[in-house]
Amino acid sequence: MVIDGERTVMVTTRMVVGRNPSAEAGEVPVAIPDMSRDLSKNHLRVEQDADGQLVVTDLGSTNGTRLRSLDGARRKLRPHLSTVVAWGESLELGTQQVVQFESRVRVDEREQHGE
C-alpha cells in the first residue's frame, strides 16, 4: 500500500487506516498524518484474504472514500459496505489523501530492473 506516493506499508490481514486509528484485537493501525483533519480518526478498514484479494470498507468517514479503478473511473464507496479492490487500483480518502495498492510482485520486478 503506497500512501500519497511516498510511504509504503505492507498490507496485512486486517488494517485500520485513519488520522489516529484505534485498532481492535488482530488489526494493525495505519496512521496518516493529516493536519487539515480531513481524514476521520478511523477512516477505512483494509483486509486481505488467504487468496490475496483486497477488501476495503469505509468506516462511516466524514469526508468519504472514492475508488479509482484501473481504467480511471471513480466511484464513492458506501459507508460500512465492503468493496473488493484490485491490485493497482487506488483510493482517495477525504479530499487530499491517496492510497494505491501495488502488488509486492510488481515492486520486486521494479527493484530487479533498478527502477
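**Loops and sheet**

Arg37 counts as exposed because its relative accessibility is 57%, where exposed means over 50% relative accessible area, buried under 20% and partly exposed in between, for a 1.4 Å probe and protein chains only. This is a predicted model, in which local features need pLDDT of at least 70 and side-chain atom pairs count only at pLDDT 80 or more, while totals for chains, interfaces and linings use all residues. Residues are numbered from 1 along each chain as its sequence is written, and side-chain values use heavy atoms, with hydrogens and water left out.

Although Arg37 is not a glycine, its phi is positive, at about 60 degrees, and the residue sits in the loop between strand S4 (28-31) and strand S5 (44-48); strands here are DSSP runs of E with at least two residues, numbered from the N terminus. Asp4, also not a glycine, has a positive phi of about 50 degrees and lies in the loop between strand S1 (2-3) and S2. With a relative accessibility of 33%, Asp4 counts as partly exposed.

Strands S1 and S2 belong to an open sheet of six strands, ordered S2-S1-S11-S10-S7-S8 with antiparallel pairing, where two strands pair if DSSP finds at least two bridges between them. Strand S2 (7-8) and strand S8 (74-76) stand at the edges with a single partner strand each, so one side of each is left without a neighbour in the sheet. At the S8 end of this order, strand S7 (residues 65-68) runs antiparallel to S8 and is joined to S8 by three bridges, with Arg66 standing opposite Lys76 in S8.

Conventions. Helix = DSSP H or I, 4+ residues; strand = E, 2+ residues; numbered from the N terminus.
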